[in-house]
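Open the structure in a viewer and keep the selection tool at hand. The stops below say what to select and what is there.

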Amino acid sequence: MIRSATILLVVLLSAFRLAAQQQDAVLSGAVQLEKKWNRTFSNTMYMQGALTENYTEPGFGIWDIGTQIRLSTRWSVGVNYRRTAVRTLENTFAPRQFWYGDVNYTYRWNALSLTARSRYVTKVYSGSLLDGENYRDNRHYLRNRLLLRYDLNYHHDVFVAYEQVYRLDERNETELHRYMAGYAYTFNMHHKLQCTYTIAAQDNRSDPGTDFISGVTYFYRF
């Protein structure tokens, strides 16, 4: 079973690679800490760094904290604050802030599960949350994602996902499509390691680009 799932994952990754038109390889490493207070409430802290330009330059860094609330076996909601530093064309790092809220719905069929997530995001350029007080106006997005996961057993699972990043404000159009495939290994109830491959394809741009992102994330739950 593990071998079959691995072959399926390789085929999906190959298909995703063929679907892209431009290549910029990105390498990402991340750590997520989660504190579960009970079956309903949990808090997370997420830290990520990435090398861009075919792994040759620091690209961005992310720091994220949030609260998740499980409403039932299928429904959950979350609220997060994220701060990033993004490398600019002038080789400086510009700050960004994000405030976002999630609504998640998960349906399970034995070892298979399908999760639908809708996320409303406000992106802030620099320090103030008010429009007109930064060097760019705030931007608002909907990020809708479908994730299909297959649990081979307690330790092993594989998954594929699609995410649409939809720009609101005056544009009302899709800015980005993300296609992801991944594998996760759960060591025990506290430790988990996840490897992903993502294709992020821009849309509705005069010269759309595509990023190929290889990522490794370590999860610790306590």
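Select lysine 192 and phenylalanine 219: the lysine lies over the face of phenylalanine 219, 5.5 Å from the ring centre. Next select lysine 35 and tryptophan 37, where the charged end of the lysine sits over the tryptophan ring at 5.2 Å from its centre. The model in view is a predicted one.

Now colour by secondary structure.

Turn to the aromatic rings. The whole structure holds eight aromatic pairs. One of them joins tryptophan 75 and tyrosine 105, a tilted pair with 4.8 Å between centres and 55 degrees between the planes. Tryptophan 75 belongs to strand β4 (residues 75–87) and tyrosine 105 to strand β5 (residues 93–109), so the pair ties together parts 30 residues apart in sequence. Tryptophan 75 is partly exposed, at 42% relative accessible area, and tyrosine 105 is partly exposed at 25%.

Move on to tyrosine 162 and tyrosine 179, a tilted pair 5.4 Å centre to centre with 40 degrees between the planes. Tyrosine 162 is in strand β8 (residues 156–167) and tyrosine 179 in strand β9 (residues 173–186), 17 residues apart. Then select Trp63, Tyr81 and Trp99, which form one aromatic cluster.

Which residues make up the largest nonpolar core? Select Phe98, Tyr100, Val121, Tyr141, Val165, Leu176 and Ala200 to see its seven residues. Centre on leucine 176: beyond its neighbours within four places in sequence, its contacts include Glu163, Val165, Ala200 and Asp203.

Finally, show the whole surface: the protein exposes about 13,000 Å², with 58% supplied by carbon and sulfur atoms.

Methods. Residues numbered from 1 in each chain as written. Predicted model: local features only at pLDDT ≥ 70, side-chain atom pairs only at ≥ 80, totals over all residues. Heavy atoms only, no water. Core = buried A, V, L, I, M, F, W, Y, C linked by side-chain atoms within 4.5 Å. Buried < 20%, exposed > 50% of the residue type's maximum accessible area, 1.4 Å probe, protein only. Contact = heavy atoms within 4.5 Å. Areas by Shrake-Rupley, 256 points an atom, 1.4 Å probe, with all protein chains shown as cover. Phe/Tyr/Trp six-rings, centres within 6.5 Å; stacked < 30°, edge-to-face > 60°. Helix = DSSP H or I, 4+ residues; strand = E, 2+ residues; numbered from the N terminus. Lys NZ or Arg CZ within 6 Å of the ring centre and 35° of its normal.
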